[in-house]
4 protein chains.
Amino acid sequence: MIDIQSMKDERGIEIQRVGVKDVHLPFQIRMKNGGYQHVQGNVTLSVSLPHQFKGTHLSRFMELLMVWSEKPISGKEIRQLLTELCSNLEVAAADISLKFRYFLPLAAPVSQTIGYLDYLGEFSGSLRQSDNLFDYRLGVEIPVLSLCPCSKEISQYGAHNQRAIIRSSVKFKYPGKILWLEELVEILQTQGSCPVYPVLKRDDEKFVTETAYQNPKFVEDILRDSVLALRSEPRIECFQVEVESFESIHNHNAFASHVESLP
Amino acid sequence: MIDIQSMKDERGIEIQRVGVKDVHLPFQIRMKNGGYQHVQGNVTLSVSLPHQFKGTHLSRFMELLMVWSEKPISGKEIRQLLTELCSNLEVAAADISLKFRYFLPLAAPVSQTIGYLDYLGEFSGSLRQSDNLFDYRLGVEIPVLSLCPCSKEISQYGAHNQRAIIRSSVKFKYPGKILWLEELVEILQTQGSCPVYPVLKRDDEKFVTETAYQNPKFVEDILRDSVLALRSEPRIECFQVEVESFESIHNHNAFASHVESLP
Amino acid sequence: MIDIQSMKDERGIEIQRVGVKDVHLPFQIRMKNGGYQHVQGNVTLSVSLPHQFKGTHLSRFMELLMVWSEKPISGKEIRQLLTELCSNLEVAAADISLKFRYFLPLAAPVSQTIGYLDYLGEFSGSLRQSDNLFDYRLGVEIPVLSLCPCSKEISQYGAHNQRAIIRSSVKFKYPGKILWLEELVEILQTQGSCPVYPVLKRDDEKFVTETAYQNPKFVEDILRDSVLALRSEPRIECFQVEVESFESIHNHNAFASHVESLP
Amino acid sequence: MIDIQSMKDERGIEIQRVGVKDVHLPFQIRMKNGGYQHVQGNVTLSVSLPHQFKGTHLSRFMELLMVWSEKPISGKEIRQLLTELCSNLEVAAADISLKFRYFLPLAAPVSQTIGYLDYLGEFSGSLRQSDNLFDYRLGVEIPVLSLCPCSKEISQYGAHNQRAIIRSSVKFKYPGKILWLEELVEILQTQGSCPVYPVLKRDDEKFVTETAYQNPKFVEDILRDSVLALRSEPRIECFQVEVESFESIHNHNAFASHVESLP
């Protein structure tokens, strides 16, 4: 049967990325404690396409993903997955983004009631075999509570507060200096006015309310404190971070963002 | 050219609804003040299909929508649109949902600074020509502020609060007893701990913060107060209402909902 | 510490539903083959609230969900979960919707290459203890391929085709007449012009292309064939079904829907 | 009243972007034909924040947007809006993204029936006053039809096809070398196997079906042809382009993307 994809293309354009998108598959994410977590992944996977070929073979992307869907992965395996894809398709570069919702136990601050809180995680990898470059980034989205310092200061009582999200993506110093998703969550989760929790009994709710009131932060404050925390982690080479606050007094959001390479 | 849609179907099934969905078109919504507002509509439009026909003619749905996209509409015109669709397609029943984002001016409570706040609106109509029935509903989603009474009571200072949404859909007593979207917004917008505003200067922010603190409400309270407000409007025959609060201390939401026919 | 929620309410309104929404938690779904599948659930869980109480205790909803997050569930356990919730909160009625993405192996039609295809599943339960009523529904969304009979007939070659979704929710005849999600998928997956597949080699792609071309179906056809298939399943008491086709020649969709109670 | 935002910050971090996000407001977009179109905008607007200030004044962002919501804008006015924001807030840099759904008339290919097709548009501007830099980009998303060359070649009859999206963002050669959104649509809309249309009568449907069949294109082909078309437009300095195809035979998508600076 004729292989149209392998036919010669005359337009002279090497395509930077061609592949599959919005692929839903289960994955097993390696955890810091040694086990792994079943997650529902959303994958974008692509390769570069030399100018002489008309198309790539997308079924091979899916076959490879089916294999990797069934064994534990972390940042290390992401490189291996991309290496295999380059080999299968005889191309020099490949990229992946694997997004998933991740669950970690979190104890309520007073009652110590345990529940699972959900975070969005992302493994992003970019392999360039010609110069042996592998760029890997770990991404996370963490819900926190933000309480407005201005509202607190100018009001006789109370202060508006709301759920906010800290989004961050970090690149690590090579080689082997990699943070676990659990560690990135730990670094950033305390940068809001107070963390949010899956289960709060009344004693806990009192604690969270009072903690946030004593710790008012603009999105600017949460961003700057996140920047300081990320700077102080020696394994990080560069990072981006954004804080978005779903303002309770408006129907729009406030946000602040920052990108930085560490010396 | 052969008309496949008009061919005879032998399965004996009268289809309740067949039509188009997720049609994006501009519309002109009649306003209470006599003018109209340009909105971006999202339309679902369908007809019933007698058992003997294989299919309907979807291009006629789109041709009709193009015409109605260019003239002002309100609940009254919705009936006319459905009547024309039934006539064009020689069917006995038709349904529409027209959703859009609607903007109304709202003055800040102290500075009186004017801004536009956005609400989601929906016109839903269902026409059954055989028994001359026309069911029409007006829907709206209104952002408000909710402040937790429990958090306020048990804490030494502060109280968690957050954006919440009041969603409602109402049916009117026939004939001619119709509320404007502006009126439905007015009825429900004050049922939270405080309204939200597009622009707030510092004096306004103080006012909103203190007003909400003095007016704590669970989703249950906002729901019950909304029910009382809707019951007291003589033009309403039945309603459904839901309040969803994007809890600032959690990564999930609280909600309450209720459906009621008035005597 | 004072329990604000348990305070007396004077408005005289019994709330039909109050609870939590958009709760993300892992769940274990029982499979037809005897095992279970780890999924990422999205839960709405509510109770009725008697008129004399100001509020419900949402932390108990979350504590209960944490427990159920860790053991295999199917329709049977949904009733038990709701019974426990009613008991914990001393209320008479409770409702749940648990939505999740579900994966089933599917072999390509010629090469027999196995991959996992994703479906959306939903367990919906409604318990009314006063009259011992339990209404349970199983929902599913199945991607299929639809090829337009009109386009095929009027064109010299080719025919437009596209991805479509069959959405269905079914209620079962009591007692114990329950379908597995796998069985509902099997009933509906063949009602399009052809199923869709996670992995297709070239021989498979030829097969799928030709099969769809030989089996053209409007959304009306897919709907009617789905209705016939659901009617013929003796365990089903009533059903709703919708087909939505993401028309390749338009930027909007075609759809058909139907609700039916079986004798 | 104390101005908390203007207080001194000691962390020494200049924030790159702080502002408002997900602001929904009506806007008036200048059209090529000299008039303007009412659209529903979604705005992200931010400024840089010098290290010595604790926060910015978000109410001024909203006041400025309210003013600009009421007069016609195009790329030229975007610069003016950002200049005013920098001036109001005494900062040196500002960024905006204004996204909206845009409607253009499109005649069916045979019957010439006119309808409005919807496109997503985006105006992105970045102003750096210190070095007098203004980076402006025009973005668009255009639905097209893609028909698979492999499927056509290997099958006896038919070929799978589907809706696809061409997404592009272009930067112009300064000064004054600006394309209208209408022109960018015109350049890219013909790069698929066939355009999609809002209204198609039977003669048109035959035309579209046959045209696509005679013009099979992988996402790679649509991407390369889009690259060639963008390269040939002398007003463009650099561009990015992505094609995403909602594969009718799968439940995932194919895509290709490319970024290029022109000499």
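**Chain D and its surroundings**

Guide: Chain D and chain C touch through 38 residues from chain D and 38 residues from chain C, where contact means heavy atoms within 4.5 Å. The model is a predicted one, in which local features need pLDDT of at least 70 and side-chain atom pairs count only at pLDDT 80 or more, while totals for chains, interfaces and linings use all residues. Residues are numbered from 1 along each chain as its sequence is written, chains are lettered from A and ligands numbered from 1 in the order of writing, and side-chain values use heavy atoms, with hydrogens and water left out.

Together, chain D and chain C bury about 3,200 Å², of which 52% is on carbon and sulfur atoms; buried area is the accessible area (1.4 Å probe) that two parts lose on being put together, summed over both. On the side of chain D, the residues D:Y157, D:R163 and D:N251 supply 23% of the area buried against chain C, more than any other three residues. No salt bridges are counted between chain D and chain C, a salt bridge being a side-chain nitrogen of Lys or Arg within 4 Å of a carboxyl oxygen of Asp or Glu. Among the elements that give two or more residues to this side of chain D are β5 (114-128), β7 (161-172) and α5 (202-213), and α5(D) gives the most, with seven residues. Helices (H or I, at least four residues) and strands (E, at least two) are DSSP runs, numbered from the N terminus.

Chain D also meets chain A, and there 55 residues of chain A are in contact with 55 residues of chain D. Chain A and chain D bury about 4,400 Å² between them, with 58% of it on carbon and sulfur atoms. Within chain A, the residues A:K21, A:R224 and A:F255 lose the most area to chain D, together 18% of what that side buries. Twelve salt bridges are found across the interface of chain A and chain D, and one salt bridge joins the side chains of D:K54 and A:D221 at 3.0 Å, N to O.

The two chains are also linked through their strands, for β1(A) and β10 (residues 253-261) of chain D pair in the antiparallel sense over five bridges; two strands pair if DSSP finds at least two bridges between them. Here A:R17 has D:S257 in β10(D) as its bridge partner. Within chain D, D:E242 stands opposite D:S257 in β10(D), and β9(D) and β10(D) pair in the antiparallel sense over eight bridges. Strand β9 (residues 236-245) of chain D is mostly covered, since eight of its ten residues are buried, that is, under 20% relative accessible area, where over 50% is exposed and in between is partly exposed (1.4 Å probe, protein chains only).

Finally, consider D:L223, which lies in helix α6 (residues 219-231) of chain D. D:L223 counts as buried because its relative accessibility is 0%. Leaving aside neighbours within four places in sequence, D:L223 is in contact with residues including A:I15, D:V241, D:E242, D:A256 and D:S257. D:L223 and D:L188 are 35 residues apart in sequence but 9.9 Å apart in space, C-alpha to C-alpha.
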